[in-house]
Amino acid sequence: MEFDSGQWWRDAVVYQVYPRSFADVSGDGEGDLAGVVSRLEHLDRLGVDAIWLSPFYPSPMADGGYDVADYRGVDPRYGTPADFDRLVAEAGARGIKVIVDIVPNHCSVAHPWFQEALAAPPGSPERERFIFRDEPNNWHSVFGGPAWTRLADGQWYLHLFDSAQPDWNWRHPDVAALFEDVLRFWLDRGVAGFRIDVAAMLFKQEGLPDVAAGTQAAPLAPGAAAVPYEHQPELLELYRSWREILGSYPGERVMVAEIWFAGPAQARPYLKGDGLDQLFNFRLMPLPWSAAEFRAVIDDSCLLAAETGGSVPWVLGNHDVPRMVTRFGIDQELVRAPTDEVLLGRVEVDIALGTRRARAAALLLLALPGAAYVYQGDELGLPEHLTIQDERRQDPMFERTARTFIGRDGCRVPLPWSGEAPPYGFGAGATWLPQPEGWGALTAARQDAEPDSTLALYRAALAERRRNPALGDGELAWLELGPEVLAFRREPGFTLVANFGDEPVALPAHGRVLLASGPLDGDLLPGSTAVWLA
Ligand code: GLC
């Protein structure tokens, strides 16, 4: 694998592969690494710089593989280590780097060290690698319910997520040593970097104090209040030491952290440049379709990046949140105060409108300064699957919240590649999560043949991004075209205009239209449409 020298990740477009749902070559209904290899041409033609692979490590799959039993292996359901090497090599041959997911906050109950801890008595050294106590505190699991599970011998262990995901004790030297080794293991195998899962929670405040009333972690949302299991100062030292490890390898390798920061103040300490390279910028995801609210977050984020010199890549979707076509296709008041009514399919979704907005949002995302992450299937304009039967649901959040939170399965549905009916070319077998009827028009094969498809739009945008020196890292200057319009210039000679309203607006003076997310009406930009101008 070749690595260019500059900080390539600063203006990269990284595509998230959720391997279980990408493509299935083995025919068992679940995606695999050979499946990713088999679809590299799709990624190549899309024009992404890198892929981030969600976990493919040996796992009982209590949380879709974010419960890791062996950090250095490949789960047989995904293939073999040789398949992984082939993926890195063949992606590399196409100029696509591979970032892997590292899950350092917790492991699986099946991890040998946790099994040893269970077999050992209270107070034993085996238990010290985890967080065992005689009495629990009041912490809640991010997935709902208490964060503690009691063993037959009376002791409790901490799990900030599912009970099948025991938290590591990051104050134990074995844990730090294990992860240094894991980083080196994958760096030696040629990965371009790491996406760090739950990166703000590894260290818990000494003494494990109770959290104040009303500040328990909400599922996958930033907490503005300080809680004793987030943002502990020891993290900065840890990530500095990891940066040194990455820096000892040739080429620029990246660490991108999953940190749901509430605002710049929480993010700033991590972005000093000697530790984490990137923090996902999740702050556009919960927003309704509102020019003012998008602009406020964009301003904040650009300022944060400028004052720290850090990189906070833009994100509109991932495997944890409802797909944007659906988010933008419902009553936007419901986006602000999400309820399960949406995910239960009880709310009207205007797919056509959601799709127009999602296409416009994609052009906005890809025109903003800095890097962007694209979640698999967003390039096909997939909506959330809202009619998965309860007995088919796999997300542990569903049961842990006593089925009051439907969970994240609807955005994890296996991708439709071709054909008119499930499994839409995903593989030979019945898929692990059901695919809906009616996705024939959304398959990659169908969209490949349609010049106005969402896939064609993403391809054109990524191609333009590669050749246009105004795009990628840099700055923007706002143009004022009315309260429902976002418009900015980027030098040399690029303008984005996104119309968040319903009424058409006049385009500013320009040379030519580079790309539009939907049909233009002469020099008018219709509602829910964005355009790139030269
Ligand atoms: C992260 C992952 C999510 C997982 C959780 C626990 O938030 O993105 O999918 O469930 O961590 O590992």
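In what order do the 8 strands of the open sheet with parallel pairing run? Keep that in mind as you open this predicted model and select the strands one by one: 9-8-7-3-2-1-11-10. Now color strand 9 (278-279) and strand 10 (314-315), the edge strands, each of which pairs on one side only.

**Along the parallel sheet**

Select residues 193-196 and 254-257 next. These are strand 7 and strand 8, and they pair in the parallel sense over 4 bridges. Zoom in on Phe-194, and you'll find it standing opposite Met-255 in strand 8. Then show residues 173-188: that's helix 6, which lies across strand 3 (97-102) and strand 7, running at about 160° to strand 3.

Time to move on. Another open sheet has 5 strands in the order 12-13-14-18-16, and here the pairing is antiparallel. Its edge strands are strand 12 (477-479) and strand 16 (513-516). On average, neighbouring strands of this sheet are turned by 20° against each other, direction ignored.

Pick residues 485-490 and 494-499 to see strand 13 and strand 14, joined by 6 bridges. Arg-490 has Phe-494 in strand 14 as its bridge partner.

Helix 9 (residues 291-308) lies across strand 12 and strand 13, at about 35° to strand 13. Helix 13 (residues 351-367) lies across strand 13, strand 14, strand 16 and strand 18 (529-533), running at about 35° to strand 18.

**Charged pairs**

The structure holds 38 salt bridges. Let's visit a few.

Is Glu-30 buried or exposed? Glu-30 is buried, at 12% relative accessible area, whereas Arg-77 is partly exposed at 24%.

Now hop to Arg-72 and Asp-181, whose side chains meet in a salt bridge (2.9 Å, N to O). This pair spans 109 residues, linking the loop between strand 2 and helix 3 to helix 6.

Back on helix 9, select Asp-300. Its side chain meets that of Arg-283 in a salt bridge (3.2 Å, N to O). Asp-300 is partly exposed at 26%, while Arg-283 counts as buried at 17%.

For a last stop, select Asp-63, Asp-320, Asp-395, Arg-408 and Arg-412 together: they are linked in a network of salt bridges.

Technical notes: Residues are numbered from 1 along each chain as its sequence is written. This is a predicted model: local features need pLDDT of at least 70, side-chain atom pairs count only at pLDDT 80 or more; totals for chains, interfaces and linings use all residues. Side-chain values use heavy atoms; hydrogens and water are left out. Two strands pair if DSSP finds at least two bridges between them. Helices (H or I, at least four residues) and strands (E, at least two) are DSSP runs, numbered from the N terminus. Axes are lines fitted to C-alpha atoms, for helices over the stretch in contact, and angles run from 0 to 180 degrees between N-to-C directions. Contact means heavy atoms within 4.5 Å. A salt bridge is a side-chain nitrogen of Lys or Arg within 4 Å of a carboxyl oxygen of Asp or Glu. Buried means under 20% relative accessible area, exposed over 50%, partly exposed in between (1.4 Å probe, protein chains only).
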